[in-house]
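Take a first walk through this structure. Keep the chain in view as you read.

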Amino acid sequence: MAFLSDTLARVKPSPTIAVSNLAAELKAAGHDVIGLGAGEPDFDTPDHIKAAAKAAIDAGRTKYTAVDGIPELKQAICAKFKRDNGLEYEPAQVSVGTGGKQILYNALMATLNPGDEVIIPAPYWVSYPDMVLLAGGTPVPVEATLENAFKLSPEQLEAAITPKTKWLIFNSPSNPTGAGYTREELKGLTDVLMRHPHVWVMTDDMYEHLAYDEFTFCTPAEVEPGLYDRTLTCNGVSKAYAMTGWRIGYAAGPKELIAAMRKIQSQSTSNPCSVSQWAAVEALNGTQAFLQQWAKVFQGRRDLVVRMLSEIDGVTCPVPEGAFYVYPSIAGLIGKATPKGTVIDSDEAFAKALLEEAGVAVVFGAAFGLSPNFRVSYATSEAALEEACRRIQSFCAGLS
Ligand SMILES: Cc1ncc(COP(=O)(O)O)c(C=O)c1O
């Protein structure tokens, strides 16, 4: 009898975490590696947020809390949804978990039965399909290609819906492409969903505050109020406030769904860290002024990376609307070989050779469900980005 479960065989470990670990190992062993794999801001958590956490510790707020969040944080989340998204929620419609990841996972665990389908635009954040599989559902990836600016079209969504579809997972601005849907583009999708009342939307708005140029963030329940009763609006403090290690994510949606998610959480992790919850209260209620300054810094980095990667023959690098990723195509490099004789026959081979022969860690596109591409996270210093792009340029120039 096999000791490990059949469920385990259905999923793979996170490739993005694997790349970050490998880059860290190589660095620790003395190799000159620039890591562009990690999806977290290089900024430090702001001092006023840290101070709130320290105050919480000093005040003894170190005990168990309500399973899915302290009332003060739920209030802050309701205020945030009203302020930023024009959405009205009450605390009973809010769930707080250990990172955005747990929120999404709870929702899938709480709703999926075997055979239930979840539409996932590809390229997608690596965890969506595996979380659906862990929860016993069937991921249905639909390719949103570079020609379509990595965005799902209404026609594609319509064609993917079956009687078994339970959710559409929507993520804008996107990890891994940075693509952001305009209000009109999103309305095209919500119009389709209005015709299919059995399909719910799980919107992952984690990169809401990282929007550049003229792009304005919008979210499904705001664009189509008719979807409010079947939308789970997910968000978190990880990316916006440089709080990846604090592990606080949240969502708002129908009370019954929130109660079901609470039940799952009550039998797994219980409450998210009490101190982190108090830090998140300050993040959401405190000054938001630095968000725009950070977005400006990220925008400058995006421009640098897009410019340098676009100079490479064989690489196509669209300009993303948000997040801190670019997702260039390497279609023009497939079939070439490095001076050492490594044949670039896939994006995985490209990323491996780039790491081993040029010391730059990126994540290959197959991990995100659309090839041949690679993902660059530009959440690192301009100097490191410039050097990394220079290395990618000379690596690609050396291919023949
Ligand atoms: C699109 C997306 N959703 C959710 C998450 C998870 O966020 P958290 O660190 O809060 O679990 C990430 C993190 O990489 C992400 O990129």
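**A guided tour**

Start in a loop: Pro123 sits between strand E3 (117–122) and helix H6 (127–134). Helices (H or I, at least four residues) and strands (E, at least two) are DSSP runs, numbered from the N terminus. A cis peptide bond joins Ala122 to Pro123, with omega at about 5 degrees. This is a predicted model: local features need pLDDT of at least 70, side-chain atom pairs count only at pLDDT 80 or more, and totals for chains, interfaces and linings use all residues. Residues are numbered from 1 along each chain as its sequence is written.

Another cis peptide bond joins Ser371 and Pro372, where omega is about -5 degrees. Pro372 belongs to the loop between E11 and E12.

Two strands pair if DSSP finds at least two bridges between them. E9 and strand E12 (residues 374–377) are joined by 2 bridges. Here Val326 stands opposite Val376 in E12.

Now turn to strand E7 (residues 231–236). How many of its residues are buried? The count is 6 of 6. A residue is buried if 20 or more other C-beta atoms lie within 10 Å of its own, exposed if 12 or fewer, and partly exposed in between; C-beta atoms are placed from the backbone. In a regular strand, side chains alternate between the two faces of the sheet. Thr231, Thr233 and Asn235 point one way from E7, while Leu232, Cys234 and Gly236 point the other way.

E7 has partners. Strand E6 (residues 200–204) pairs with E7 in the parallel sense over 4 bridges. Thr203 has Thr233 in E7 as its bridge partner. Strand E8 (residues 249–252) pairs with E7 in the antiparallel sense, also over 4 bridges. There, Asn235 is bridged to Tyr250 in E8.

Next comes the ligand. Its shell holds 13 residues, and the closest are Gly99, Gly100, Lys101, Asn175 and Ser238. A residue is near a molecule if its C-beta atom, placed from the backbone, lies within 6 Å of it. Helix H5 (residues 99–111) gives the largest share of the shell, 3 residues. By type, the shell divides into 2 nonpolar, 9 polar and 2 charged residues. Ala, Val, Leu, Ile, Met, Phe, Trp, Tyr, Cys and Pro count as nonpolar, Asp, Glu, Lys and Arg as charged, and the others, Gly among them, as polar.

The largest nonpolar core has 122 residues, of which Ala107 and Val360 touch the most other members. Such a core is a set of buried Ala, Val, Leu, Ile, Met, Phe, Trp, Tyr and Cys residues joined through C-beta atoms within 7 Å. H5 gives the most to this core, with 7 residues.

Phe150 lies between strand E4 (138–143) and helix H7 (154–160). Its phi is near 60 degrees, a positive value in a residue other than glycine. Phe150 counts as buried because it has 23 C-beta neighbours inside 10 Å. Ser270, between helix H10 (255–266) and helix H11 (274–285), also has a positive phi of about 60 degrees. With 13 C-beta neighbours inside 10 Å, Ser270 is partly exposed. Asp32 lies between helix H2 (15–28) and strand E1 (34–35). Asp32 is exposed because its C-beta neighbours inside 10 Å number 11.
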